Amino acid sequence: MSFRIIGTGSSLPSRVVTNDDLSTFLDTSDEWISQRVGISERRICTTESVAQLAHKAAKAALEMGGITPLELDMIICATISADYLAPSLACTVQQSIGANCPAMDINAACSGFIYALDTAAGFFARGFKKIMVLGAERLSKLIDWNDRSTAVIFGDGAGAMVLEAGDAYLSSKLQAKGNSDVLSIPQPIGHSVYYENEMPQPYIFMNGQETYKFAVNAMCADIIDVVKLAGLELDDISWVIPHQANARIIDTSAKRLGIAPERCLKNIDRTGNTSAASIPILCDELFRSGKLNDGDYIAMSSFGAGLTSAACVVRY
Ligand code: ACO
């Protein structure tokens with residue numbers, strides 16, 4: 001027994017930050033960011049907490065799914081930027097929506113949402129009936145706003161899915177190659193009076209070119225593998241939902257795989273890279289677009305710090 005998706009929801013902070021806004025305090029330009037990363041604007045939290053974004057996404061997914069919070073058997077949230085280290089963001093959402101079920105967070109960086117879907121599949125195999133999976137991030141608090149190489153890339157947002165026991169989760173692949181040299185975010189500095197060594201700043205560090213190479217290779221290999229595992233051909237896939245890290249990574253991978261650009265979806269121009277939230281936010285746009293037909297096959301693919309990567313195929 002696996003699952004099918006019965007509801008999706010998403011939420012973005014209200015503050016739009018354009019490339020021109022960033023150029024007022026960073027040595028960058030709309031032209032550089034648009035061409036190298038494919039972002040025009042992103043949403044950045046001002047007063048919103050990540051829990052508030054996750055709450056709104058969760059409520060919208062419940063509404064589309066037509067179920068009450070009390071019907072949920074589990075809440076799993078993928079995040080690297082929860083408001084608290086403890087309690088988990090999933091527990092905060094559980095309380096705020098009024099659910100009564102186990103709840104936990106998963107950290108697989110930008111691959112977290114697909115890791116969370118696959119974790120949910122394990123609970124469905126145990127007999128769970130309804131599970132909510134979220135991806136929610138407030139990356140703006142982890143950015144060094146003086147570092148133009150990372151500050152222009154990321155955004156804040158949350159997405160959610162309500163899953164019901166079913167047979168539409170057809171295949172998956174999870175990978176991790178332990179490596180903190182390419183992408184990392186140190187924990188906030190502690191205050192122990194006994195520490196003698198200098199603590200790293202708690203900001204996103206990224207080796208852009210190594211990330212780029214890893215991402216394209218992982219995305220291509222993972223999509224080929226999950227499509228095959230599902231007993232399908234690439235031509236059978238109606239929609240690819242890639243992690244929105246960089247438009248060039250998505251376009252290069254789609255070209256290498258021979259997937260038409262209109263089937264490989266993007267919203268990074270408006271959202272930036274929202275890490276674990278990017279796939280559920282884009283899924284929510286697709287589910288509400290009216291473009292989906294019964295039986296459509298959707299491939300999701302993500303990659304991120306770890307280095308992790310993950311992909312899956314679901315049927316609509
Ligand atoms: N504005 C203007 N110039 C910039 C900026 C900026 N925001 N950032 C860097 N530059 C400059 C650099 O200083 C460098 O200048 P120099 O030639 O004078 O030294 C020049 O641009 C080229 O820098 P590179 O790092 O070589 O640029 P590159 O073409 O590799 O593009 C980028 C950088 C966009 C980060 C690219 O490497 C990339 O897309 N990598 C993938 C990273 C990614 O997708 N990360 C997502 C986050 S991680 C995740 O989600 C898994």
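1. Let's start with a side-chain pair: Ser-140 and Asp-156 are joined by a polar contact of 2.7 Å. A polar contact here is a pair of N or O atoms within 3.5 Å; within protein, one must be able to donate a hydrogen and the other to accept it, and residues adjacent in sequence count only if both atoms are side-chain atoms. Bear in mind that this is a predicted model, where local features need pLDDT of at least 70, side-chain atom pairs count only at pLDDT 80 or more, and totals for chains, interfaces and linings use all residues. Residues are numbered from 1 along each chain as its sequence is written, and side-chain values use heavy atoms, with hydrogens and water left out.

2. Ser-140 belongs to the loop between strand S6 (130-138) and H6; helices (H or I, at least four residues) and strands (E, at least two) are DSSP runs, numbered from the N terminus. Ser-140 counts as buried because its relative accessibility is 13%, buried meaning under 20% relative accessible area (1.4 Å probe, protein chains only).

3. Ile-143 sits in that loop too, between S6 and H6. With 3% relative accessibility, Ile-143 is buried as well. Its C-alpha atom is separated by 14 Å from that of Asn-207, which is 64 residues away along the chain.

4. Now the ligand. Of the 24 residues around the ligand, those that come nearest are Thr-28, Arg-36, Gln-209, Asn-246 and Asn-273; a residue is near a molecule if one of its heavy atoms lies within 4 Å of it. By class, this shell has eleven nonpolar, nine polar and four charged residues.

5. Which elements supply at least two residues each of the shell around the ligand? They are helices H2 (30-36), H6 (148-151), H7 (208-229) and H8 (247-257), plus strand S12 (297-304). H7 gives the most, with four residues.

6. As for individual atoms, a polar side-chain atom of Arg-148 is 2.8 Å from an oxygen atom of the ligand. A ligand nitrogen lies 2.8 Å from a backbone N or O atom of Gly-208, and a nitrogen atom of the ligand is 3.4 Å from a side-chain N or O atom of Trp-32. Taken alone the ligand exposes 1000 Å², and the protein buries 73% of that (Shrake-Rupley method, 1.4 Å probe).

7. Last, helix H10 (residues 278-287): nine of its ten residues are buried, so the helix is largely enclosed by the rest of the structure. Among the buried ones are Ile-281, Cys-283, Asp-284 and Phe-287.

Note on methods:
Nonpolar A, V, L, I, M, F, W, Y, C, P; charged D, E, K, R; others polar. Buried < 20%, exposed > 50% of the residue type's maximum accessible area, 1.4 Å probe, protein only.
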